[in-house]
Amino acid sequence: MSFNCPIESLPCKTGPSKLKRIRTVFTPEQLERLEKDFLKQQYMVGTEQVDLAVSLGLTETQVKVWFQNRRIKWRKQSLEQKNAKLSQFGVLPKEPPASDTREIEGEDEVDVDE
């Protein structure tokens, strides 16, 4: 069954055979601004998020998901740097128990586009 999606009047399907969403491709200018704002603060919500989305020509959801994914990357990089420093001193980093991996990895990577 097909009908018009409420967002941008794109055709949609209901049921198990939904149309695949197109991945967002950010421009270099958008990425530069997103990275710059991320360096200032890793969490952005409310009016700041809305204002940033409008200024970049993105949806609020796209900005929210970009920040979620960037925080995951940031945490992984921080953990790798910590492990590299420990290995320099001959200390082997501990592998976290299976139950602790979500805590280290943080949020699941999400790719949502509207």
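Leaving aside neighbours within four places in sequence, Arg70 is in contact with Glu35, Phe38 and Gln77, where contact means heavy atoms within 4.5 Å. The C-alpha atoms of Arg70 and Glu35 are separated by 8.6 Å. These two residues stand 35 residues apart along the chain. Arg70 is found in helix H3. At 12% relative accessibility, Arg70 counts as buried. Buried here means under 20% relative accessible area, exposed means over 50%, and partly exposed covers what lies in between (1.4 Å probe, protein chains only).

The model is predicted; local features need pLDDT of at least 70, side-chain atom pairs count only at pLDDT 80 or more, and totals for chains, interfaces and linings use all residues. Residues are numbered from 1 along each chain as its sequence is written, and side-chain values use heavy atoms, with hydrogens and water left out.

The chain has 4 helices and 2 strands. Both kinds of element are DSSP runs numbered from the N terminus: helices are H or I with at least four residues, strands are E with at least two. From the N terminus on, the order is β-β-α-α-α-α. Buried residues make up 23% of the 114 residues in the chain. Among contacts between residues at least 6 apart in sequence, 60% join residues at least 24 apart. The accessible surface comes to about 8800 Å², by the Shrake-Rupley method with a 1.4 Å probe; for residues, only the protein chains shown count as cover. Carbon and sulfur atoms hold 56% of that surface.

The chain averages a pLDDT of 78, and 66% of the residues score at least 70. Over residues 1-10 pLDDT stays under 50, and the model has 16 contacts beyond four places in sequence for them. Residues 100-106 also stay under 50. For that stretch the model has 9 contacts beyond four places in sequence.

Helix H3 has 29 residues. From its first C-alpha to its last, H3 reaches 42 Å, close to the 42 Å expected at 1.5 Å a residue. The expected span is 1.5 Å times one less than the number of residues. Buried positions in H3 include Thr61, Val63, Val65, Gln68, Asn69, Arg71 and Ile72. An α-helix has 3.6 residues a turn, so residues three or four places apart point the same way. Just after H3, Gly90 takes a positive phi of about 75°.

The structure holds 4 aromatic pairs. Rings of Phe, Tyr and Trp (its six-membered ring) pair if their centres lie within 6.5 Å; planes under 30 degrees apart count as stacked, over 60 as edge-to-face and the rest as tilted. The rings of Phe38 and Phe67 have centres 6.0 Å apart and planes at 50°, so this pair is tilted. Phe38 lies in helix H1 (residues 28-40) and Phe67 in helix H3 (residues 60-88), so the pair ties together parts that are 29 residues apart in sequence. Phe38 is buried at 1% relative accessibility. Phe67 is buried too, with a relative accessible area of 2%. The rings of Trp66 and Phe67 have centres 5.3 Å apart and planes at 75°, so that pair is edge-to-face. Trp66 counts as buried at 10% relative accessibility. Ring pairs link Phe38, Trp66, Phe67 and Trp74 into a cluster.

Gln62 has its place in helix H3. It counts as buried at 9% relative accessibility.

Gln49 sits in helix H2 (residues 46-56). Gln49 is buried, with a relative accessible area of 6%. Not counting residues up to four places away in sequence, Gln49 touches Met44, Glu60, Val63 and Lys64.

Conventions
pLDDT is the predictor's confidence in each residue, from 0 to 100.
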